[in-house]
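Please open the model in your viewer and keep a selection tool at hand. The stops below are meant to be visited one after another.

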Amino acid sequence: MKRILVSLIVFSTFAVCAQDEVVQSGTPALIEVANGKKASAFLQKLEGGNLTFQPRKSPNSMTVPAEKIKSLKFSMSKVEFDAFREMNVITSEEVSEIYVIPDLGNAEKLELIFKKTLNNIAEISYQGDHAGYVSAIEPIMRDRDQYMAIDNNLDDLYIMLMESYRKLENFTAAKKCAANLQESSDEIKIEKAKVTKGLIAISENDLSTADAIRNELSSEAAALYMQASIERVNKNYKQAIQTVTTIIADHANDLEWMPKSELLNAYLYLEMTGSNSVITTNSALNTARQVKNIYAGSSVGGDARIFWASLGGEKIEAEEIIAKAERVAAEKLAKEKRAEAEKVRRAEAKAKREAAAAEKAAAKATAASTNLNTTTEN
Amino acid sequence: MMLTKKTGRFTIFRQIFLTVSLFLGSTLAGYAQDAPTAGEMLQAALKAMQAKRYEDAIDSMYMYLGEVDESKAPRVLAISQDIRYKLGSILIAENRMDEAAPILQAYVDLPLANHPRQAMKMLTMCYFDTGAYEECVTAVTNALYYNENPVILSEKVTKSKDGDDEEDYSKVKIEPEADYTQEELTTLHMTLAESYFNIEGWAECIDPFTYVIEYTPNEQRKGYSIMQVINALIEIPDFDRITEWIPLLYRTEARFDIRVNLALMNAAAALYEAEEYDSALPLYRMILPRDELVAFQEGKMREIRISYGLPPEMNAQLTADEMLLFGVPDPTEAVVEEVEETPKEILELEQLIIALKGLPPYELDIQYRMADLYKTVDRFWESVKFFDMVFAVDPTSEVGDRSIYELVDMLLENLDELKEAEQRGLDYMGKYKTGMTPRQIAYMLTGYYQKNDTMGAIKTLRPYIDGFVRTNDQTIVKYDTELYFMQAVSELVLQEYEESERDFKFILDEFPGSHQEANCTYWYAMSQLFLQKYAEAFPNFERYINKFPAETYVDECYFQGGICLFGQEKYKEALKRFSYVIDTFPDSSVFPEACSMRGDINGSEGLLDEAIVDYRMAIAAAKKPVQATYAVFQMAEVYEAEDKYDEIIAVVESYLDVWQAEAEISKALFWIGKTKIQQKLYDEAVSTYVDTIVKYGGDLREDGVDLMIAELVKISQIYLNVELQISLSDKLEAAMDAADNKTLKLRLRVTLAQLNQTEFELGKELITELENLDNASPPVLATICDASFEMKNYSRADEMLRIFINKFEDSEYMRAAYKLRGFGQYSDKDYEGTLATINDAQALYGTDFNVAWAQLLKAKVFLDTDDIENARKENMSILTVPSWRGEPVAQATYQLGEVEEAAGNLAKAFAFYQRTYFQYKGHAGGYWAAEGYLASARILDKMERMNDKRNTYRAMLFDPYVNSLPQAVRAREVLGATEVAEIQAMIDAGTTTNISITVEAEMTGGAVKSSETVLEELSATPAETSVTEEGE
């Protein structure tokens, strides 16, 4: 607790220093411009492709074309820190661990605490708890989401937020996220935004829009994923699963679309059990398990885990562990028995050999005695 | 960790070296007066070193160290240490690691070492390079420990300033040696990790590798270390931790390192073997294709070459752009340098690329393993995709072969995609006709068809199997035998016995001594048995018994041999054979059948008690319901013949008790009902039948219900009064209204139609009403057949006969289907088909009265095909069969007239026609008699005996059996209205005709002769005709 207290003092010191100099408002961030230079600032708005911000310690605001900004690095405010502490998103122990790292300045410690907090929030998503993730990340994104068109250290979390909204069927919020991302010049972000909009269109049964979006996608894997999703909603499961297997075969190292595609296959296998009696739940269960294991530590991994558990995976795994333990114990016992039997066998063999030797010696002695007798007789 | 003192082979080496040096030193001292002093040796060593004459320097240093080895003087000790350090460094530079190691070890072990860290580091290098990994582990451990816990005793020893001869040395503290840099630490950890790994210290190597992974800036090294961690975890084994490392590896450049890729393959294979599929799969995915690796490494090579100022490609020059870009001043110089001394890094990479290009392509193997892995975890569609890819790339390779096999297998067994499986399988078999795989695919498809009871499909494989290139390879020959065997079996199951007979014979001829020889012999004989080729089948059963006395079907062969004897009417031999089976194979599956067959023979010979004993044995030994069922109802027949109705009840009830739901309950109840009829308990019998029909009539397989329907109709017509008949109809109608089951409804409709004698009308309705006959039981089908026959509608004849054969083979109602089919074929002039159907019907029903049509039709076929002899013979044979007396004989007599007419024997023809109307006017409502009149008149016309012809017509109109039939119209037309009126007046007046047309032949005349007599007479003398007319 003492350490926490100290860390809080670090925060308050920053805040007091800031207040002492000039009145500043906006979202604190470190701006890196295209030429590599960095500056601390308070972001005020992003409008019409122009970013308005107030440089730290400067009373004036500046507006520059957003395209000149290479990236933004957001940091955490004290209010946010308090809130996350209260929500137990980051624990006292975790803060303490960071605080005791030697040779680190306060700013670096704060950065690590923020990073840890974000990791913890991401972890909620990795567990497949989308509602929990949304409620944890929304406060951070509230003032920052307007800047998401510019590359920043919250990009991944924001994309996860968009996907969580979609999965929770909060399509309005998901579309807003997608719109923000589509303002970006980053092709990957734009692609993800488009796919999200396409998937929403599928959920809303607007397949022509979904198909139009599919045609716009530059990533073949993404387009195939959309195609499979459309085929799925049309209950053409076999075709859908074949489309997904094309992704798996041709884009095995596409870490963006592979996890989603494999999970989609897990769902498709389950859905096929209704239409094709030959496919069993095992296919869905095993696919989900593989996605869970291979992509552990990702949102898709979390979704796979929940799906896997819903199919009874946990129970099966527990049974397998017990069975394995029993097997190992049985093998061990058998081995011990074999060893014991071998020991007995060797002892018996030895005894037998010794008895035979003794018998032989006795026979020899007898023979010698007989010879002696014979000799004597002679 | 404590510093440890190293002893080992290098220490021994050092001792030997020193001993030799000392020996040489002392020896040389004895012979050479100008032998150098230690100081001179030292000077010589230093000079040689400065002049880069390292070999000389090494020699001098060794000599110096040998010379001063005994010295305890601090200054000498200090200089010796310095020389050791220098010597160690030069030896390493000269790549004489094994020599450097003991020198450096001595340096580290002895005091006054100024560079212990560097020496320890060099020592690790020596040990590692010479494969002394255990020593290396110790050396690295010592180095790292020392780095953290240095012994600050290093002192510089200098000569005193006054320079007196007397040695006076003072000790001056020196600055401690600098700690290892991060790069050095990383290298030391890497060396330690690799050493541990090489001595199988799997658990121990993980920490140092982890250190390298954390600190190295080199992506390649990082990836390699991760891969080694994974390999170590596999060896431990600790599979759970492997999954954590895989994503890390994925993010490094090491993915493009061939060593990492090879290690990935090994690791993935090990994980696969350990059934750690979830860990193996991402590793397999990570393995890059060879071409991709080569391209990456070549790109890297270009970068490195450029960084050394070399042209990007070997033996090429930098372009102007490249020079501008990379700032290489003099390309000529660079090329010269390359020739003189290629950097080690480039050489290594060159070797790597050469090795990479020399590797056989491994991508297909990887894809195959992935396909297999997906299959193992039930991800069948993914598996199909990958097998497909492998097959598409190289269909003739081993993995290609296996892939197509797996593909077809999965499509059939796991995905139930028959069409796709067939398409791929057939396509493959069509293109690739050699080796094992096409056979395996044919075998697999055959197995699938068998399992799914689609035997017809098996035959579609025949052209492919015939197309396979034969070989002497025993395994392939076995496959071929098996494939042909399954072809023949499918034909057997499809009841295509002629084909199965041919094909079992084919296997016996083509694959003599095959593993299926015994089975083929048996089924070959069985095919012949099914074809009723009893005489041909018998020796084959005998052959089996003699050649394969220990095989499965020996008892069956004895039994079936008995059936062959029975079929040849060799009843005594058959009885003997069945007795042999009964005595020899009491546990055989055919034992009950043998008992029943013997019972049948005994019964047919009037030995009813013996028959009963046999049937009882059959019932007691029955293993299947059908075995008991046959014996029970045969027994019931015997008891019925003896009026032993109580025994019938007893045996049937016992049967029901034993077999419960498996028993043919409806048939049993039929017998119980029949007994009640005999006991005159009609109400009870009716009630039993109605209840049973309603209860079991919904099941097509309950043929007892069908027997009951016939029996119920009979009871109603014979024993019930009108009131009870109406009551019965009402009950059946109520049951029909209440029934949902279509089969039951149809059965009840037929029953009612038979009771009301409206079968024909119902049959007509059903022809149009029932699009498919799935719910039609035998009486329903028979009703449709009869109606169709009446309407001469043969369109569904084939379909209905097939339904009977496939579903109701033992049904009595099948006769109607045979009749319809036979006449249908006749109507289409398919005489061969007609005769085949007739043969089948006669084989089943013999000379039953209601199958006389078959013999009559056979005679007609021969007549139509101008086979007068056979036509005559077949018609004649009808006259000899007692059960066909009556209408069949009437028709046969008429047909004999037709035969003789066709043969031009008009008098004989006339005689038969005349006999028809003389003797058989009471049959078939006078139909054949009327036809006989008309045919007689036709003959007389041909004989130009017009008066006789006229008299014949007159006689026809006088004949009360025929004069109201449609055929009489012809007589009226010929005679004219006046004469017809006159005849009518005479009839009305009570006049009877005595018109007789005499044809001068023995068989003519009014006396009725037996058919046998007629036959004899006909075969004796051709008739001469004389016609007389008598009128009254």
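At what angle do helix α43 (residues 814-827) of chain B and helix α45 (residues 852-864) of chain B pack, and how many Å apart are their axes? In this predicted model, selecting the two segments shows them packing at an angle of about 10°, with the axes 11 Å apart. Because angles under 35 degrees count as roughly parallel, α43(B) is described as roughly parallel to α45(B).

Next, show the side chains where these helices meet. On the α43(B) side, select Lys819(B), Gly822(B), Phe823(B) and Tyr826(B), which meet Trp853(B), Ala854(B), Leu857(B) and Val861(B) of α45(B). Sorted by class, this contact of α43(B) with α45(B) has six nonpolar residues, one polar residue and one charged residue.

The average for chain B is 84, and 87% of its residues score at least 70. Residues 1-32 of chain B, however, have a pLDDT below 50, although this stretch has 34 contacts in the model beyond near neighbours in sequence. Residues 154-158 of chain B likewise have a pLDDT below 50, and there the contacts beyond near neighbours in sequence number 19. Where pLDDT is low, the predicted coordinates should not be read in detail.

Now move to chain A, in which there are 15 helices and five strands. Of its 378 residues, 34% count as buried, and among the contacts in chain A with a separation of 6 or more, 52% are between residues 24 or more positions apart.

Select residues 38-47 and 50-55 of chain A, which are the strands β2(A) and β3(A), and you will find them paired in the antiparallel sense over six bridges. Within this pairing, Lys45(A) has Thr52(A) of β3(A) as its bridge partner. The two strands form a hairpin with two residues between them, and Gly48(A), in the turn, has a positive phi of about 55°.

Then centre the view on Ala210(A), which lies in helix α9 (residues 207-216) of chain A. Is this residue, Ala210(A), buried or exposed? Ala210(A) counts as buried because it has 23 C-beta neighbours inside 10 Å, where 20 or more are needed. Leaving aside neighbours within four places in sequence, its contacts are Gly198(A), Ala201(A), Ile202(A), Met226(A) and Ile230(A). Draw a distance between the C-alpha atoms of Ala210(A) and Gly198(A), and it comes to 4.5 Å, although the two residues are 12 residues apart along the chain.

Finally, show both chains and select the contact between them, which takes 18 residues from chain A and 17 residues from chain B. On the side of chain A that touches chain B, the elements giving two or more residues are α11 (237-250) and α13 (281-294) of chain A, and the largest share, eight residues, comes from α13(A). By class, this side of chain A has seven nonpolar, 10 polar and one charged residues.

Conventions: Residues are numbered from 1 along each chain as its sequence is written. Chains are lettered from A and ligands numbered from 1 in the order in which they are written. This is a predicted model: local features need pLDDT of at least 70, side-chain atom pairs count only at pLDDT 80 or more; totals for chains, interfaces and linings use all residues. Two strands pair if DSSP finds at least two bridges between them. Helices (H or I, at least four residues) and strands (E, at least two) are DSSP runs, numbered from the N terminus. Axes are lines fitted to C-alpha atoms, for helices over the stretch in contact, and angles run from 0 to 180 degrees between N-to-C directions. Angles under 35 degrees count as roughly parallel, over 145 as roughly antiparallel, 65 to 115 as roughly perpendicular and the rest as oblique. Two residues are in contact if their C-beta atoms, placed from the backbone, lie within 7 Å. Ala, Val, Leu, Ile, Met, Phe, Trp, Tyr, Cys and Pro count as nonpolar, Asp, Glu, Lys and Arg as charged, and the others, Gly among them, as polar. A residue is buried if 20 or more other C-beta atoms lie within 10 Å of its own, exposed if 12 or fewer, and partly exposed in between; C-beta atoms are placed from the backbone. pLDDT is the predictor's confidence in each residue, from 0 to 100.
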